[in-house]
Amino acid sequence: MELFWILLFSSVCPLAWGQGVYAPANAQIVHSGAACNVKDDNISERIYTIKEGDTLVLQCIVKGHPRPQVRWTKTAGSASDKFQETSIYNETLRIEGIQRVQGGRYYCKADNGVGVAAIKSIRVDVQYLDTPVLTVHQTISDVRGSYYQEKTVFLRCTVNSNPPARFIWKRGNILIEQSKDNGVDIYEPLYTQGETKVLKLKNLRPKDFADYTCQVSVRNVCNIEDKSVTFRLTNATTPPMIRLSVNDTVVVDPGQDVLLTCEVTAGFPLPTVTWSRYPGPLPLSAMVRGPSLILRAVTPADAGFYNCTAVNNVGNPARKNVNLVVRTMSNLTFQITPDSNKDSETIQMGRDLKLSCHVDATPQDKVNYTWYKNGVPVFNSDSLILLRSDPDMAPGTSSLEIVDMKFRDLATYSCVANFPGGRVPELRVDVNISQNSVSPPVLVVPQGGQVVSVREGSDAELVCSLIDGKPRPPILWSRTEKDLLMPSGKTMVETPDGRLKLKNVSRDMMGLYRCQTAPYNGLNIKRREAQVQLNVQYSPILDPVFQDVRSRNYQMVTLRCTVLRSNPPRLTEIRWFRNGDIIRMPMPDLKEIPELKFKLDPNNNGSYECRVSNVAGTSACTFNVSAQPYNAEFYFDTPNPVRILKGNNYSYNLQWTQKDPEATDHIIGYWVNVRKNKQNVLSKHIDLKSKEPEKGVLMSHTISDLRIPLSYEVRLAPITTYSTGDYVSRIIQYSEPYTYPRPSDHVCGFEDERICGFSQDRSDVFDWTRQNHLTQNPKRSANTGPETDRSGTKEGYYMYIEASRPRVQGDKARLLSPLFNVTSVRGPKGSGRVPYCVSFYYHMKGKHIGTLNVLLRVRSIASVDSVVWTKSGHQGPDWKKAFFDISPSGPFQIVFEGIRGPSFEGDIAIDDVSITIGKCKQENTVASAGKTVLIGGSHSLPLASWLTFGLSCLLSLLYR
């Protein structure tokens, strides 16, 4: 009869309805990587300690509906760098081979669009220990001398570490203790980089000439081993000294080979010589052979400062620098400057005239300029004045001044620039000075070229022409707005013919451009300027680019396509399309917002497109119009989705909500598919039976006959009268189910092979064993363990740990109770938590008994264990009872942890476990009737209890 009621109320309807469940995100950070330690510091900040080079794994466990999206970010650590330049969108953050610069505070942000996002943080502390560096120094007044007796010597040991390192000094193999040796002093200097300890040897004694070892340690944190460095101090110990084979500055021609030798003139131990370059690294063609650096066929790119450094860890490193200069010469220009005192722009007889010549060269001050008149060298005279470096011009400019110009001065003048004795080819420029060869330039923009209109993405050409002027200077282009650069990224661009060519024009290049004559290669007078407007035409910018529109069938739908910007603004055409076919309709008003209204029906669902055109092109708004329902939203926070069935099967309570159920036609059901390895295991139609989904209200369906412990992919799609929505999928996994506390279960005596839902912890060392007197090992240890179960019967079972080999001291075995759900009951009035009484019997006989711990494991976002009862050592030959109260804050498990003692006579057993609602009573006996025991045994519920439960369930369904 009881079975009838059970089947009746379990089959009322596998689809049950819940309450509104949209909830903001909640998050917690847990770790599963190679952490050395995770702790809370004094300001309640979680600190994750990890060894450099290990793998960091942080997991952000989230709750909330809809399922929150997780984003990881990082603030600056020991180096102010961004975390991989971007954020990581994943619940698990994994960093292989973590480095010290990646330490810092990591943030997990969980957001689902409901309420305020949840943000949690954890500080990652990367531990490391570098190899120490030991250097030797003399007092400043003795730097010139050798390291001989009656001198003070400092041995400085520096290391980079986290946490701070501990220093140990040794002379040979003997530990140096300051308190036992008056000739030494050990201290920490101020203002040093890294951690430093100094060993001061005062007035060197013969025994001070020895091997010194600096050993550093972080006390085996994260299993980081100690490191050390050794230095041999002798009376020959001296700092390095070097001498260069060349001068401080070396000037060479391109293509030459360069040999730089850094000769070590002093130093013991023998110094190590290294070469470096600034700026940048050594050239790829550079070869280092001992103390020499060889550069083959140098180019201007090889120029720079080359540094030779000699190090032997005695005193300061010896350094010498060489400035390598590679001769270059290019871009020879000239200027013709009329008499500036007369504000003249033309050549006039009887007035002064200046010819200037400039070349871009390295080194600039070594350039030699030679002037010629009609091929004859020019020398200083009363009418011709040579200026080697003209103070009125740019540095490195040579000028020839013609004083009180006469007809005899009309000629061809030449300027030749070269490096005396160098192999760089000389450069020459000729300037013809005559009455007809020099005139001011006239700069104009061709007719119709003041405004240049082009389509975005095409090429453009801006033109400024010189219609007069001799000689004709180059034309310089720039933007009229000071802060804007040219498309090339430069502030100014030179063109020889005044034509500025722009490739792949974009709208940000639109604006005014200035053209002007250059002050060189022509008359050095007031610049001629003009402006050209670049107008970039682009197709209309529309909103929305794409929009998903859902509606019920046979209702009016309005689609709007807004023009945000357009150049030119005048539109030429507006057309509407459905599934690629044009919609025949009157030509819309081009001045109004494009709009389409129609009644939706099963035949006109589809893709709608509004194409808006101007002379530059066509853009489109796309609308996906459908009566198809929105996707279902899986609920991931179901407190106890798994139920164990017969035959090693389980069922899963699948829950979900429906997104915007009122937006489309009535949802009449769902398709659910269950797949394993991409093969359908189950395909079923869920009939809602005229009960429409409500926004934010949970729906449930029980999926049965799933195999323990397999996981499955579940796909779900809503159904309306006219269409089926898209499938959404999730993975469901088997997990130990909750046990719902009710006041009628009984004591667990472990008589059934399923041991009342208890399970072995997979993270421990060994397991608890179910046993009775008849199944005991006849070779077991005689002086430990129980003979019978707690009731005294040889057939009765109990759980125990075997302390014999291969077990060793400290090995742990954990037995986990079922997972209990406390959310369905409430505590006493005024109390937020429900008290429970945990009761059990234990047997701890033997001289090697270890420890029995009972832990409370509370399941929140992450599991937290706390010890609530413990007992150690021999407790006598009898079973003893223990009981205590707990008040868990959420779903919980009881964990029995047995820890093996020092040897084999240390078996521990437990029996008759019960967990009851309410506080423990002193006379709490297991056989007493009416007690509230939560772990199921062989007894069944009274019929009245099932009737009460069934009627309450039925009434709740009727009045929903």
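What pLDDT does the chain average, and what percentage of the residues score at least 70?

1. Confidence. The structure under review is a predicted model. The chain averages a pLDDT of 86, and 87% of the residues score at least 70. Residues 1–19 stay under 50 in pLDDT, and for this stretch the model has 40 contacts beyond four places in sequence. Residues 924–960 are likewise below 50, with 67 contacts beyond near neighbours in sequence. Where pLDDT is low, the predicted coordinates should not be read in detail.

2. Open sheet. Four strands, in the order β57-β56-β59-β60, make up an open sheet with antiparallel pairing. Its edges are β57 (679–687) and β60 (728–732), each of which pairs on one side only. On average, neighbouring strands here are turned by 20° against each other, direction ignored. Within the sheet, β56 (residues 667–676) and β59 (residues 712–720) run antiparallel and are joined by eight bridges.

3. Strand β27. This strand spans residues 328–338, and eight of its 11 residues are buried. It is joined to β28 (residues 353–362) in an antiparallel manner by nine bridges, with Ser330 standing opposite Asp360 of β28. A parallel pairing of two bridges connects β27 to β43 (residues 522–523); there, Gln335 has Gly522 as its bridge partner.

4. The whole structure contains 41 salt bridges. In one of them, the side chains of Asp253 and Arg423 meet at 3.9 Å, N to O. The two residues are 170 residues apart: Asp253 lies in the loop between β20 (249–252) and β21 (258–268), whereas Arg423 lies in the loop between β33 (411–418) and β34 (427–433). Asp253 counts as buried because its relative accessibility is 3%, while Arg423, at 58%, counts as exposed.

5. Two further salt bridges. Asp208 and Arg205 form a salt bridge in which the closest N and O atoms are 3.1 Å apart. Asp208 has a relative accessible area of 0% and is therefore buried; Arg205, with 22%, is partly exposed. Arg550 and Asp548 are also joined by a salt bridge, with the closest N and O atoms 3.1 Å apart. Arg550 counts as buried at 16% relative accessibility, and Asp548 counts as partly exposed at 30%.

Notes:
Residues are numbered from 1 along each chain as its sequence is written. This is a predicted model: local features need pLDDT of at least 70, side-chain atom pairs count only at pLDDT 80 or more; totals for chains, interfaces and linings use all residues. Side-chain values use heavy atoms; hydrogens and water are left out. Two strands pair if DSSP finds at least two bridges between them. Axes are lines fitted to C-alpha atoms, for helices over the stretch in contact, and angles run from 0 to 180 degrees between N-to-C directions. pLDDT is the predictor's confidence in each residue, from 0 to 100. Contact means heavy atoms within 4.5 Å. Buried means under 20% relative accessible area, exposed over 50%, partly exposed in between (1.4 Å probe, protein chains only). A salt bridge is a side-chain nitrogen of Lys or Arg within 4 Å of a carboxyl oxygen of Asp or Glu.
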